[in-house]
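Here is a walk through a predicted model. Keep the coordinates open as you read. Where do the domains meet, and what lies around that contact?

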Amino acid sequence: MATYTPNTPIDDIGHKPPAPPITGGGDDGRSGDVPDYGARLRRARLGLICGIATVGMVFISLTSAYIFRRGLPTFQGESNSYVRDWGSIDLPWVLLGINTVILLFSSITMELARRKAAREAALAPVSSIPGISLGEEKNFPWLGITVVLGFAFLIGQWLAWSAMHTRGFFVYTNPSSSFAFLLTIAHAVHLGGGMIALIWAASASLLRRPVEARRIAVDITAWYWHFMAVLWIYIFLLLGLAR
Amino acid sequence: MATAATVHSHAPQGFIRKYIFSLDHKVIGIQYFFLALTAVFVGMALSLLMRVHMIWPTANWPLVGEIKPETYLAFLTMHGTIMVFFVLTTAPQGGFGNYVLPIQIGAPDMAFPVLNMLSFWTTFVGFIVLLCAFFVPGGAPLHGWTGYPPLSAIQSAGPGEALGADLWITAIAIFCVASLMGALNFITTTLDLRAKGMTMMRMPLTVWSWFITAILGLLAFGVLLSAGILLLMDRNLGTSFYVPQIMVNGQIVGHKGGSPLLWQHLFWFFGHPEVYIAILPGMGVASQVLSTFSRKPIFGYRAMVYAMLSIGFFGFMVWGHHMFMSGMSPYSAFAFSILTMCIGVPSAIKTFNWLGTMWKGRIRFDTPMLYAIGFVSLFVSGGLSGPFLAQPVLDIQLHDTYFVVGHFHLIMGVAAIFGIFAATYYWFPKMFGRMMNETLGRIHFFITLAGTYAIFMPMHNLGMAGQTRRYSQFTEVAYQTKLLPLQTFITFAAIVTIAAQFIFVINLFWSMFKGPKASDNPWDATTLEWTTATPPPHDNFGGKTPVVNNGPYEYGVPGAPKDFVMQTDPPTEPKH
């Protein structure tokens, strides 16, 4: 709001003050050949949000198919009536529970890796000054641990599918088993994509890429990984509560 | 991750990196454009074969011989699929969106150039996989571009429903992945790479249209991908998502309990937004061209933006109007009907604003303008039959007739194609540095416009008379036979219209090499692509970063030295 004083020219009273120059828009701070890592991180996160929206839509549509198919009555010729053929599936809950714990634990280690990378990137300008020491940094391989836990989760899922086969449930046995396999395998495929991103982020360290570039790789991988963990909880609850 | 700022410090020199696996959005845009051009000729050839078969059902044709009913259905399927996915989705968004959007917002490239390249080549692979369906045992599938089960879900349901249908679904799934990558890139680029001063409400309406289209694609293609995976599982893994217990060729198939309606819900949840994915970029181009060639600001800029957002929003709520025939509850049908007619409001806002833009303008009737006016004409003609089909009681009568064929070809097919033509004639000078031939352009326009109406308007009459769609011939039923003369007329109109497209192709390639050199701003336009060199340098602005001071359609500004003010000119907004 404009403020007026006794010295304000009479003609200016009642008029809006001059509009500030518009400098908004998407200026990304491009300045020659010097990469702006802050802008790149923001851009990468924005891309990741779009990617997560896409994966979300895939699972939302699979969920709606799940609910639709579960409530669908089927005409049975023998009894000349409509029956529900959803069927049941005996899931290996203990194994799936262990897998859940492994994935959640991996999400924690991934977050620690993300914070470590962010701290390194923030301190890089200071630590590069000769004579400046930031003390002994604990170099715990959180990223490597996350990779191992990710593999452990996938192996655990493989064991769960084998257990379902052993109990006589295959993808075609009944709608319930079809969706159980579909949802868990679809999640595993997306988590596999996360594993590739993880290995790529880890290799950024080994290839001695700039610490800021490494931070971006770890950051977006971490957020995707957290999303995978949340998605798994959702699938776990869906399979458990809406059987 | 490789991003715009890092990848494009220097232009690549090798042929492979410069023209094949290029990261430059302009090269990728041109690649998309030529992919769509190839696809449209394949699709057109298929439509020609269908048309001639209808009036000469026993004739032998080069390459294909005598067309049997199942071959006709295979052509129908492939025509629809190629046109919808690889032309109407690919050219306006992948082609012109890729080429123009970054320049119009003042960016050096798309946000993720590597992803952009991957998106194009994935689309290309999808197209090749789709074409392979012609050459496998059984040939291409019969189930139409909508792929309704149980026909599409059972391998023994007919020739083409074996490997051909698997390839069809795989091609669609590949296309979905490519489109999702593209949509992600468009959204991030628009939100994050705009030049200083390029606020959202200073963006050209073309940018708005590509942005909203990308959002629709991001939310819609994932659903189609899921639906396709379920279909592949039903076909190959013995699941029963879509297939009830039915008999095929006298034998009970091993499925039970599934519902074809599940596919219809998932498919049309994608399918209706897909209509807007095809047409929204055309709306953006029409707005851009009509304002430029009327030498007037666009009428109601903000209303145009909100109308496009409303169209996108409502586009996700009306899928059920494709399913009035499915036996849905009348209450649901009523809701879908009302919501469908709601789309008429923003559509009418856009139409009246286009007319308002031209009203009392100093109109220049160059070829891009002709096509933009043609777009409006077709949008109105095709749109007016929409409220008919939005009524469940009328739709039940008209749904499986030529009325629907006429409706969707006008509104989604040819209107979008006119948008593509307007864009081609408008941006060709910027893309290739030369002007297209105006005389050939006008001849092409008038034949195409007249031909389009001659083909698709009579289809409404055929539909109201009860002529069924998807039939390969009409010689067995008396009342259908009586309508054959009109079908014959349509076929001859199609032959002339298709022949006229060669005028366009000749003009395109001749002008590319022999056309007169274009200046940097041949249309006296205002947006950022016309502030840079023709064709634009590798980083779009030759190392400079544009600063935007004005809106995108500053024509006829009082007191300005010219009748237009470019977006980078000193500010014209009155200072209070």
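The contact between them draws 33 residues from domain 1 of chain B and 34 residues from domain 2 of chain B. Look now at the domain 1 side. The elements that give two or more residues to it are helix H3 (25–55), helix H4 (69–104) and helix H7 (205–236) of chain B. H4(B) supplies the largest share, 12 residues.

For orientation, here are the bounds. Chain B is divided into domain 1 (27–258), domain 2 (280–503) and domain 3 (515–576).

Next comes the core. The largest nonpolar core has 225 residues. Those with the most contacts inside it are B:Leu224, B:Ala286, B:Ala372, B:Phe375, B:Ala415 and B:Ala422. Take B:Ala415 as an example. Leaving aside residues up to four places away in sequence, B:Ala415 touches B:Ile279, B:Gly282, B:Phe375, B:Leu378, B:Phe379, B:Gly382 and B:Leu410. In soluble globular proteins, nonpolar side chains tend to be buried together.

Move on to helix H15 of chain B, residues 402–432. Is this helix mostly covered or mostly open? H15(B) is mostly covered, with 29 of its 31 residues buried. The helix is not straight. It bends by about 45 degrees at B:Tyr426. A proline, B:Pro429, follows within four residues. Just after H15(B) comes B:Gly433, with a positive phi of about 80 degrees.

Continue to helix H16 (residues 438–464) of chain B, where B:Leu440 has its place. Is B:Leu440 buried, exposed or partly exposed? B:Leu440 counts as partly exposed because it has 17 C-beta neighbours inside 10 Å; a buried residue needs 20 or more. Its contacts reach along the chain. B:Leu440 touches B:Ile503 and B:Asn507, again leaving aside residues up to four places away in sequence. B:Leu440 and B:Ile503 are 63 residues apart along the chain, and their C-alpha atoms are separated by 6.7 Å.

Two peptide bonds in chain B deserve a look. Which residues does the cis bond with omega of about 10 degrees join? It joins B:Pro149 and B:Pro150. B:Pro150 lies in the loop between helix H5 (113–132) and helix H6 (163–192) of chain B. The peptide bond from B:Thr534 to B:Pro535 is also cis. Here omega is near -15 degrees. B:Pro535 sits in the loop between helix H18 (484–514) and strand E5 (554–555) of chain B.

One backbone angle in chain B also stands out for a look. B:Leu63 is not a glycine, yet it has a positive phi of about 75 degrees. Find B:Leu63 in the loop between strand E1 (60–61) and strand E2 (65–66) of chain B. B:Leu63 counts as exposed because it has 6 C-beta neighbours inside 10 Å; the cut-off for exposed is 12 or fewer.

Now turn to chain A. Its secondary structure comes to 5 helices and 2 strands. Along the sequence, chain A follows the pattern α-β-β-α-α-α-α. Of its 243 residues, 33% count as buried. How far apart in sequence are the residues that touch? Among contacts in chain A between residues at least 6 apart in sequence, 78% join residues at least 24 apart.

The two strands of chain A belong together. Strand E1 (residues 73–76) and strand E2 (residues 81–84) of chain A run antiparallel, joined by 4 bridges. A:Gln76 stands opposite A:Ser81 in E2(A). E1(A) and E2(A) form a hairpin with 4 residues between them.

Finish in the turn of that hairpin, at A:Asn80. A:Asn80 is found in the loop between E1 and E2 of chain A. Its phi is near 50 degrees, a positive value in a residue other than glycine. Why does A:Asn80 count as exposed? A:Asn80 has 7 C-beta neighbours inside 10 Å, so it counts as exposed.

Definitions and conventions
Residues are numbered from 1 along each chain as its sequence is written. Chains are lettered from A and ligands numbered from 1 in the order in which they are written. This is a predicted model: local features need pLDDT of at least 70, side-chain atom pairs count only at pLDDT 80 or more; totals for chains, interfaces and linings use all residues. A nonpolar core is a set of buried Ala, Val, Leu, Ile, Met, Phe, Trp, Tyr and Cys residues joined through C-beta atoms within 7 Å. Two residues are in contact if their C-beta atoms, placed from the backbone, lie within 7 Å. The bend at a residue is the angle between axes fitted to the seven residues ending there and the seven starting there. Domain bounds come from an automatic or database domain assignment. Two strands pair if DSSP finds at least two bridges between them.
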